[in-house]
Amino acid sequence: MFGLLDWAKIAAGAAMGAALIVAPAYFKGKAAGRGEAAVSALETSVKTLRKKGEIDAQVSRADPVQSGSYPAALK
C-alpha cells in the first residue's frame with residue numbers, strides 16, 4: 001500500500017502544512033503584542049504628562065511670597 005518513503009513524504013507534507021498554518025498566527029500574535037505594548041507606553045506617557053501639567057498649574061497658582069521664592073528684603 002504505502003512504502004516507507006511514502007510515509008516520510010506524508011509526514012513531511014503534514015509538517016509543512018502545520019508550519020504554514022502556525023507561522024502566520026505566530027507573527028499576527030507578535031504584532032498584536034507589539035501594538036499592546038505601544039498603547040501601554042503611550043497611556044503611561046499621557047498619565048505622566050497630565051500629572052506634570054497638574055503640578056505646573058499648582059506652581060503657577062501659588063503665591064510667590066508665601067512659597068519663599070522672593071528674598072526676605074522684598075517681602
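Val-22 is exposed, with a relative accessible area of 52%, where exposed means over 50% relative accessible area, buried means under 20% and partly exposed lies in between, judged with a 1.4 Å probe on protein chains only. The structure is a predicted model, in which local features need pLDDT of at least 70 and side-chain atom pairs count only at pLDDT 80 or more, while totals for chains, interfaces and linings use all residues. Residues are numbered from 1 along each chain as its sequence is written, and side-chain values use heavy atoms, with hydrogens and water left out.

Val-22 lies in helix 1, which covers residues 4-61. The protein has 2 helices and 0 strands, these elements being DSSP runs numbered from the N terminus, with at least four residues of H or I for a helix and at least two of E for a strand. Of the 75 residues in the protein, 0% are buried. The protein exposes about 6700 Å², of which carbon and sulfur atoms supply 67%; the areas come from the Shrake-Rupley method with a 1.4 Å probe, and for residues only the protein chains shown count as cover.

The structure holds 1 aromatic pair. Tyr-26 and Phe-27 form this pair in an edge-to-face arrangement, with 5.1 Å from centre to centre and 70° between the planes; rings of Phe, Tyr and Trp (its six-membered ring) pair if their centres lie within 6.5 Å, and planes over 60 degrees apart count as edge-to-face, under 30 as stacked and the rest as tilted.

The structure also holds 1 salt bridge, defined as a side-chain nitrogen of Lys or Arg within 4 Å of a carboxyl oxygen of Asp or Glu. The side chains of Asp-56 and Lys-52 meet in it, at 3.9 Å from N to O. Because Asp-56 and Lys-52 are 4 residues apart in helix 1, about one helical turn separates them. Asp-56 counts as partly exposed, at 40% relative accessibility.
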